Amino acid sequence: MKSMNAFERYLSLWVLLCIACGIGLGQLLPQVAQAVAQMELARVNLPVGLLIWVMVIPMLVKVDFGALHQVRQHWRGIGVTLFVNWAVKPFSMALLGYIFIRHVFAPYLAAGQIDSYIGGLILLAAAPCTAMVFVWSRLSNGDPLFTLSQVALNDLIMVFAFAPLVALLLGLSSIVVPWDTLLTSVVLYILIPVVLAQWLRRTLLRRGQAAFDAALEAIGPVSMAALLATLVLLFAFQGQAILHQPLVIAMLAVPILLQVAFNAALAYWLNRRAGESHAVACPSALIGASNFFELAVAVAISLFGFESGAALATVVGVLVEVPAMLLVVRWVNASKPWYERGQRAA
């Protein structure tokens, strides 16, 4: 089994360091953070928009839309993952946000930010993971062709379904959403990056597979560095709220961790019931549980702003993603004998 690289394995540590650096920047040099926040065009923050492109495009280069024809080979696993990704996960997160943020933890949270926190959780769950899922699949010995075809299909669906789904769930949560900003975010952070990434993919592949692999390895750390720089900027604005309410991160983590456990278990069990192989069930469960947090961060900033609870909620998703998903990887690997006994019995 291949191991994760340093950026991937210690992502939660880097996020914690970004929290410290961002809070320090916001307290010591607030004028710098304010200057960055004012660099906007049509409600889109230009520095963050650039960082999001640098972070997202290298991940989308890995996606081969030519793999879409392979979905027929594992149609049951594809069906399970699509059901969990688009019909269960966003709605279960909205429900968990309603239970924990609007009720259980409401007395301990800033009343003016509760809607924003729920909005951030919805954004986090509304888009399936695009890049890190290749890592989780590899660590669980998942079928690489299934993983690739599923990611390609999810990315295609996301172009059309993300905005309506977010608008629906925010509306059900009584949160007003500016449609023009939401659609602008879809174009800027999904459509354009997908087009640019596919152009770059074809350009690199014309130079040969070895050149393509070398390019991906070189730009991977750049993508992660852009994510960390974005987090530093976010926490420069969130520092005051965190210092006054340090437990807010733990409270936001509760619904995120619960939806990871629920959706991973549901996808894994449904694949077992459907008779899919363990190599398909593992990436299916992992895709069903993980989130496209880079997109969620970008859209949260556009819709709600740097200082919003939504932006903070999406960043908490980044913080808990790696340890949570590593636990899921360990669980699906350890439960392989149980899974295969169920298949033989069927």
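How many residues does helix H12 have, and what distance does H12 reach from its first C-alpha to its last? In this predicted model, helix H12 spans residues 278-289 and has twelve residues. Its reach is 16 Å, close to the 16 Å expected at 1.5 Å a residue. H12 is mostly covered, with eleven of its twelve residues buried. The buried set runs through His278, Val280, Ala281, Cys282, Pro283, Ser284, Ala285, Leu286, Ile287, Gly288 and Ala289.

Proline 283 sits in H12. Its relative accessibility is 0%, so proline 283 counts as buried. What does proline 283 contact beyond its neighbours within four places in sequence? The partners are Ser137, Gly142, Asp143, Phe146 and Thr147. Phenylalanine 100 is 183 residues from proline 283 along the chain, and their C-alpha atoms are separated by 29 Å.

Asparagine 141 lies in the loop between helix H7 (132-139) and H8. Most residues other than glycine have a negative phi. Asparagine 141 is not a glycine, yet its phi is positive, at about 55 degrees.

Next comes helix H8, residues 144-172, which holds alanine 152. Is alanine 152 buried or exposed? Alanine 152 is buried, because its relative accessible area is 0% and the cut-off for buried is under 20%. Leaving out residues up to four places away in sequence, alanine 152 touches Val63, Asp64, Phe65 and Leu68. Alanine 211 lies 59 residues from alanine 152 along the chain. The C-alpha atoms of these two alanines are separated by 22 Å.

Helix H4 covers residues 46-61. H4 has 16 residues and reaches 22 Å from its first C-alpha to its last, close to the 22 Å expected at 1.5 Å a residue. Its buried residues include Val48, Gly49, Leu51, Ile52 and Met55. Val56, Ile57, Pro58, Met59, Leu60 and Val61 of H4 are buried too.

Now the nonpolar core. The largest one has 127 residues. Which of its members touch the most other members? They are Ile101, Trp136, Phe162, Leu182, Leu231 and Leu295. Helix H14, residues 309-334, gives this core its largest share, 15 residues. Leucine 295 shows what such a member touches. Not counting residues up to four places away in sequence, leucine 295 touches Ala127, Met158, Phe162, Tyr189 and Ile190.

Serine 92 lies in helix H5, residues 75-104. At 12% relative accessibility, serine 92 counts as buried. A polar atom of its side chain lies 2.9 Å from the backbone oxygen of lysine 89. Serine 92 also touches Phe262 and Asn263, with residues up to four places away in sequence left out.

Aromatic rings come next. The structure holds four aromatic pairs. In one of them, phenylalanine 100 and phenylalanine 105 are tilted, at 5.8 Å centre to centre and 35 degrees between the planes. Phenylalanine 100 and phenylalanine 105 are both buried. Why does the pair of tyrosine 268 and tyrosine 339 count as tilted? The planes of their rings stand at 40 degrees, with the centres 5.0 Å apart, so the pair is tilted. Planes under 30 degrees apart would count as stacked, and over 60 as edge-to-face. This pair links distant parts of the chain, 71 residues apart. Tyrosine 268 is in helix H11, residues 248-274, and tyrosine 339 is in helix H15, residues 336-345. Both tyrosine 268 and tyrosine 339 are buried. The two belong to one aromatic cluster, formed by Tyr268, Trp331, Trp338 and Tyr339.

Finally, the cysteines. How many disulfides does the structure hold? It holds zero. A disulfide needs the sulfur atoms within 2.5 Å. Cysteine 18 is buried, with a relative accessible area of 6%. Cysteine 21, at 47% relative accessibility, counts as partly exposed.

How values were computed: Residues are numbered from 1 along each chain as its sequence is written. This is a predicted model: local features need pLDDT of at least 70, side-chain atom pairs count only at pLDDT 80 or more; totals for chains, interfaces and linings use all residues. Side-chain values use heavy atoms; hydrogens and water are left out. A nonpolar core is a set of buried Ala, Val, Leu, Ile, Met, Phe, Trp, Tyr and Cys residues joined through side-chain atoms within 4.5 Å. Buried means under 20% relative accessible area, exposed over 50%, partly exposed in between (1.4 Å probe, protein chains only). Helices (H or I, at least four residues) and strands (E, at least two) are DSSP runs, numbered from the N terminus. Contact means heavy atoms within 4.5 Å. The expected span of a helix is 1.5 Å times one less than its number of residues. A polar contact is a pair of N or O atoms within 3.5 Å; within protein, one must be able to donate a hydrogen and the other to accept it, and residues adjacent in sequence count only if both atoms are side-chain atoms. Rings of Phe, Tyr and Trp (its six-membered ring) pair if their centres lie within 6.5 Å; planes under 30 degrees apart count as stacked, over 60 as edge-to-face and the rest as tilted.
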